[in-house]
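Dear colleague,

Please find below the structure that I am handing over to you. My notes on what was found in it follow directly after.

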Amino acid sequence: MLINEQIRDKEVRVIDENGVQLGIMSIKEALRIAEEKKLDLVKIAPHANPPVCKIMDYGKYKFELAKKEKEAKKNQKVINVKEIRLTTTIEEHDFNVKVKNAIRFLKDGDKVKVSIRFRGREVLHPEIGEEIINKFIEKIKDYGVVEKKPKLDGKNLTAVIAPKQQ
């Protein structure tokens with residue numbers, strides 16, 4: 001935004017700090033009015049004909065904008081996707097450790113992507129991988145909801161699980 005002497009237009013439409021239109025006037029007159037009130041002249045609508053300028057405290061305005069941005073950022077919830085990789089030959093204990101990790105991720109509010117990568121001839125029997133993923137989903141069904149069902153994509157079988165809403 002252009003302020004005070006940065007504004008190069010000959011004529012501008014001026015609005016005072018209370019939102020009252022003062023009309024169209026020369027830039028010199030608008031600057032004089034702003035200086036009398038110890039405020040800044042800020043160009044708020046440069047593409048209008050003539051451009052619209054408002055008399056305001058520019059420092060306070062920037063501070064308020066930054067404050068609103070910070071507040072909006074604070075209210076955002078960032079959702080991460082954590083990936084858990086399984087194999088078709090996973091042992092029971094390893095499987096249970098992966099389940100515990102997935103439950104922890106879901107409790108933290110993150111999504112979990114479960115994937116099985118088929119190596120070599122394993123891709124000929126995708127039903128084995130699907131069985132393992134379904135068993136995994138069954139174990140964590142109290143903590144998460146299946147967002148994307150198991151799907152074979154090349155040599156990978158993946159499913160996405162979202163945390164349950166409380």
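Predicted model: local features only at pLDDT ≥ 70, side-chain atom pairs only at ≥ 80, totals over all residues.

The side chains of Thr-88 and Glu-122 are joined by a polar contact of 3.1 Å. Leaving aside residues up to four places away in sequence, Thr-88 touches Glu-122 together with Ile-116, Phe-118, Ile-128, Gly-129 and Ile-132.

**Nonpolar cores**

The largest nonpolar core has 20 residues, and Phe-136 and Ile-140 touch the most other members. At least two residues of this core come from each of β5, α3, β6 (111-117), α4 (126-139) and β8 (156-163). The greatest contribution is that of α3, with 6 residues. Apart from residues up to four places away in sequence, Phe-136 is in contact with Ile-84, Leu-86, Phe-95, Lys-98, Val-99, Ala-102, Val-114 and Ile-161. There is also a second, separate core of 12 residues, among them Met-25, Ala-30, Ala-34 and Cys-53.

**Backbone features**

Two points of backbone geometry may also interest you. The peptide bond from Asn-49 to Pro-50 is cis, with omega near -5°; Pro-50 is placed in the loop between β3 (40-45) and β4 (52-56). Lys-38, found in the loop between α1 (27-36) and β3, has a positive phi of about 55° although it is not a glycine. With a relative accessible area of 76%, Lys-38 is exposed.

Yours sincerely

Methods
Residues numbered from 1 in each chain as written. Heavy atoms only, no water. Polar contact = N/O pair within 3.5 Å; in protein donor to acceptor, adjacent residues only side chain to side chain. Contact = heavy atoms within 4.5 Å. Core = buried A, V, L, I, M, F, W, Y, C linked by side-chain atoms within 4.5 Å. Buried < 20%, exposed > 50% of the residue type's maximum accessible area, 1.4 Å probe, protein only. Helix = DSSP H or I, 4+ residues; strand = E, 2+ residues; numbered from the N terminus.
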